[in-house]
Amino acid sequence: VGFTNTAIFFFQLKLGEAKGWSPEWVAGSISAFAIAGAIGMTGIGSLVDRFTAKRLFPFHMFLYMLGLLALILFDHHLVYPIALIFIGLGHGTGRTIKDAMLVEIYGSDIIGQIRSIFITVMVISTALGPIFFGILLDMNISYTLIFTGVLILTFLSTLNGLRRI
């Protein structure tokens, strides 16, 4: 998620240019991601308490995949904030679910150590996202093809997570 999110935001003006959206529209749409992320983070808590984070973990990615699918299939300017809402909801719910899941799996005694490892991996992945996207864009690979690849990989990893429930 961080890998793709950072790349989307890093290249948002190029994405907007490829889709025919104005820079003002692209920049203004970012608030949809932030608001949806905050709603996702706070709104998922009661479901985590009811169903456990381990059970919910694979499902938060379906919201994220809907956002990617919208970016793949449509070019209308209204698609960008809608896609960012789904991506933001997936990101926000995932943050809360992942933190709760780590406590469910490892307990609270070593949660600081576990979180530090996960944060390190996340930071590295967010740094690699723009590099990877940049190389692909320099090779004239379209956003549609890049997002399709990310969607397929996300779907496969979600299927893997579903087998663990």
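Biologist: How are α1 and α7 oriented to each other: roughly parallel or roughly antiparallel?

Modeller: Please note at the outset that this is a predicted model. Helix α1 (residues 2–10) packs against helix α7 (residues 79–106) at an angle of about 150 degrees, and their axes are 11 Å apart. The two helices, α1 and α7, are therefore roughly antiparallel to each other. The crossing in which α1 passes α7 is left-handed.

Biologist: Which residues make the contact of α1 with α7?

Modeller: From α1 come N5, I8 and F9, and from α7 come Y80, L84, I87 and H91. Sorted by class, five residues of this contact are nonpolar, two are polar and none is charged.

Biologist: How does one understand the spacing of contact residues along a helix?

Modeller: An α-helix has 3.6 residues a turn, so residues three or four places apart point the same way. In α7, the contact with α1 uses Y80, L84, I87 and H91.

Biologist: Which residues of α1 are buried?

Modeller: They are G2, T4, N5, A7 and I8. These buried residues pack against α2, α3, α6 (60–73), α7, α8 (111–138) and α9 (143–162).

Biologist: Is T4 buried or exposed?

Modeller: A residue counts as buried under 20% relative accessible area. T4 has a relative accessible area of 4%, so T4 is buried. Not counting residues up to four places away in sequence, T4 touches Y64, L68, F133 and V150.

Biologist: At what angle do the axes of α2 and α3 cross?

Modeller: Helix α2 (residues 12–19) and helix α3 (residues 23–43) cross at roughly 125 degrees, and their axes come within 9 Å. That angle makes α2 oblique to α3. The crossing of α2 past α3 is right-handed. Q12, L13 and G16 of α2 meet P23, V26 and I30 of α3. The residues of this contact comprise four nonpolar, two polar and no charged.

Biologist: What does Q12 contact, leaving aside its neighbours within four places in sequence?

Modeller: Q12 belongs to helix α2 and is in contact with V26, I30 and Y80, leaving those neighbours aside. With a relative accessible area of 19%, Q12 is buried.

Note on methods:
Residues are numbered from 1 along each chain as its sequence is written. This is a predicted model: local features need pLDDT of at least 70, side-chain atom pairs count only at pLDDT 80 or more; totals for chains, interfaces and linings use all residues. Side-chain values use heavy atoms; hydrogens and water are left out. Axes are lines fitted to C-alpha atoms, for helices over the stretch in contact, and angles run from 0 to 180 degrees between N-to-C directions. Helices (H or I, at least four residues) and strands (E, at least two) are DSSP runs, numbered from the N terminus. Angles under 35 degrees count as roughly parallel, over 145 as roughly antiparallel, 65 to 115 as roughly perpendicular and the rest as oblique. A crossing is left-handed if the near helix is turned anticlockwise from the far one by less than a right angle, and right-handed if clockwise. Contact means heavy atoms within 4.5 Å. Ala, Val, Leu, Ile, Met, Phe, Trp, Tyr, Cys and Pro count as nonpolar, Asp, Glu, Lys and Arg as charged, and the others, Gly among them, as polar. Buried means under 20% relative accessible area, exposed over 50%, partly exposed in between (1.4 Å probe, protein chains only).
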